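Here are a few notes to read alongside the model, for someone opening it for the first time. Have the two-chain view ready and follow the points in order.

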Amino acid sequence: MTKLLQTAMDAVAVGSLYALIALGYTMVYGVLKFINFAHSDIFVLGAWSSFAMAAALGWTKAGATPPLLGGFAILLASMAFCAAAGIAIERFAYRPLRGAPRLNVLITAIGVSLLLQNVGQLPFVFGTQPQRMPQLLPDRVLASVAGVDLRLVDLIGAGTAVALMLGLEALVFRTKLGRAMRAVSWDVKTAALMGIPVDRVVAFTFGLGSALAAAAGLLYAMKYPGLNQPAHATWVLLGLKAFVAAVVGGIGNIRGAMLGGLLIGAVELFGAAYFSPHLRDLYVFTLLILVLLYRPAGLLGRAAVEKV
Amino acid sequence: MNGPLLSVRGLTVRYGAIEALHGIDLDVPEGRIVTLIGSNGAGKTTTLRTISGLLRASAGSVAFAGEEIGELAPHEIVKRGVVQAPEGRGIFPNMSVDENLALGAFTRSDSAGIAADRERSLALFPRLRERLSQSAGTLSGGEQQMLAIARALLARPRLLLLDEPSLGLAPQVVATIFRIVREINAAGTTILLVEQNARMALSVSHVGCVLEVGRIVLRDEASALAKSDSVRRAYLGGE
Ligand SMILES: Nc1ncnc2c1ncn2[C@@H]1O[C@H](COP(=O)(O)OP(=O)(O)OP(=O)(O)O)[C@@H](O)[C@H]1O
Ligand SMILES: [Mg+2]
């Protein structure tokens, strides 16, 4: 019972972070039809820029107590910073390649990813040493159920992730801008004929996806405060799993990314808890293979025949 | 303004090494229906896509209401009132009929005006009203074409570009659509109509142009063209 409860809580916490990152992959794929391999580096940038801001404010010193809303201020600041970075990357790396063969764009994305990783390691940026993220969010034990502590910080983390997803859902499905995003994602040329400024919608989509990845970066560091250096393989693997979440849910599908993230989190953490903790990556990629075999378009993907 | 609403001069468009339009001239006077007829691959769609800014001309000019629009982005062209219902209808099948209509009004923010134009569109196409919340992909071909035109009207076009609205539709539906095209024109919207169905197109239009492999070879009053021997032979199947 204890184990079940603990695992379920972790699965939701980690799964919602995968979902936040997966949303960026899926939205960019939606509008530009390519996989932005640099997206996982934006997630890393979110975690590390939060750390850098906390350090600059003196909150990383031993015994320092960040103000109550300090964590949220940093969350917003790092989301804004990463949004700007995402928009700049699209503007200078991808937009000049609009209309170029997709392989060129893909290779460029890998180049951008390597650039971000290596710039991040520079001594005057984040450096090559791991760091410890201070707890920026308020924390205390709220309740104990069957020996499992329900912690405030976990609740805030999962709550923030869920709130961001609900906000995104409302934006995409209830607003004019969201409708324009969906139109661009269905067909760029027809969207342009509606009078939609396609370039601006694409830039906005990059900014939005990057902001969500930044939030995931900070929330991840709240849960696992040992911050590996920016080019560490663990980051790459996390980004890859979020990408798997996007594919499992159906690449290009926003609700699919959320579902995929939670599913990947559940498979990984329940597998680790009940089978073997050493094979957690295996569970994720097995799920990917099964989905690709039986529902190649993903769980909520555009599999149905939609004849135009 | 005295010149034609739309004035195309020496328009040359290429796809890579292939030149699809070899310098065409085309005028659309305000208040008229001009039809561009031609067989498969003549360059009709290429012409409309270039006017809408989806393709860039390698030479020539496109002027709308006296302003050169050849270098503008497609959304800027829509804002000026040049609105296209594209070939193949271009509806968003994963959205509802209502959402498709709302997208037509994307460039506008006058909610009262949008509501009035939406009513007007639905009055022209009553079948759409019954299907507002239905996903557009489940509409019949004829209904999808109606949606494409209704949606274009929501942008409040000064010039409406229609690319083969009769494509793949049953004769009665084609007749309905052409009747409505006339009504839209009678209410004041200038129309450039592209068609393979030359008989129908000429019967509703004021002026006709014949496009053959990237060149305009004939241009006349629509009624005169419909009687011309070469047009009858090549496009009207006959006699
Ligand atoms: N994307 C493209 N790439 C290369 N060539 C193209 C492209 N689109 C059209 N073409 C060529 O340009 C020419 C004109 O095509 P266009 O689509 O304008 O013809 P159309 O008159 O609209 O024909 P249809 O009645 O079949 O729609 C054709 O020879 C066609 O093969
Ligand atoms: Mg065509």
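1. Start with the area buried between chain A and chain B: it comes to about 2100 Å², and carbon and sulfur atoms give 68% of it. In chain A, the residues that lose the most area to chain B are Arg179(A), Leu193(A) and Met194(A), which together make up 34% of what that side buries. Keep in mind that this is a predicted model.

2. As for who touches whom, 20 residues of chain A are in contact with 25 residues of chain B.

3. The rule finds two salt bridges across the interface of chain A and chain B. Arg182(A) forms a salt bridge with Glu99(B), with the closest N and O atoms 2.6 Å apart.

4. Which parts of chain A supply the side that touches chain B? Helices α6 (176-186) and α7 (188-193) each supply at least two residues, and the largest share, six residues, comes from α6(A). By class, that side of chain A has 10 nonpolar, two polar and eight charged residues.

5. Last, have a look at the magnesium ion (ligand 2): Thr45(B), through OG1, and Glu87(B), through OE, coordinate it at 1.9 to 2.2 Å. Thr45(B) sits in helix α1 (residues 44-51) of chain B and Glu87(B) in the loop between β6 (82-85) and α3 (97-104), so the pair ties together parts that are 42 residues apart in sequence. Glu87(B) is partly exposed, at a relative accessible area of 39%.

Terms used
Residues are numbered from 1 along each chain as its sequence is written. Chains are lettered from A and ligands numbered from 1 in the order in which they are written. This is a predicted model: local features need pLDDT of at least 70, side-chain atom pairs count only at pLDDT 80 or more; totals for chains, interfaces and linings use all residues. Side-chain values use heavy atoms; hydrogens and water are left out. Donors are N, O and S atoms within 2.8 Å of the metal (3.2 Å for Na, K and Ca); water is not among the atoms, so sites may look incomplete. Helices (H or I, at least four residues) and strands (E, at least two) are DSSP runs, numbered from the N terminus. Buried means under 20% relative accessible area, exposed over 50%, partly exposed in between (1.4 Å probe, protein chains only). Contact means heavy atoms within 4.5 Å. Buried area is the accessible area (1.4 Å probe) that two parts lose on being put together, summed over both. A salt bridge is a side-chain nitrogen of Lys or Arg within 4 Å of a carboxyl oxygen of Asp or Glu. Ala, Val, Leu, Ile, Met, Phe, Trp, Tyr, Cys and Pro count as nonpolar, Asp, Glu, Lys and Arg as charged, and the others, Gly among them, as polar.
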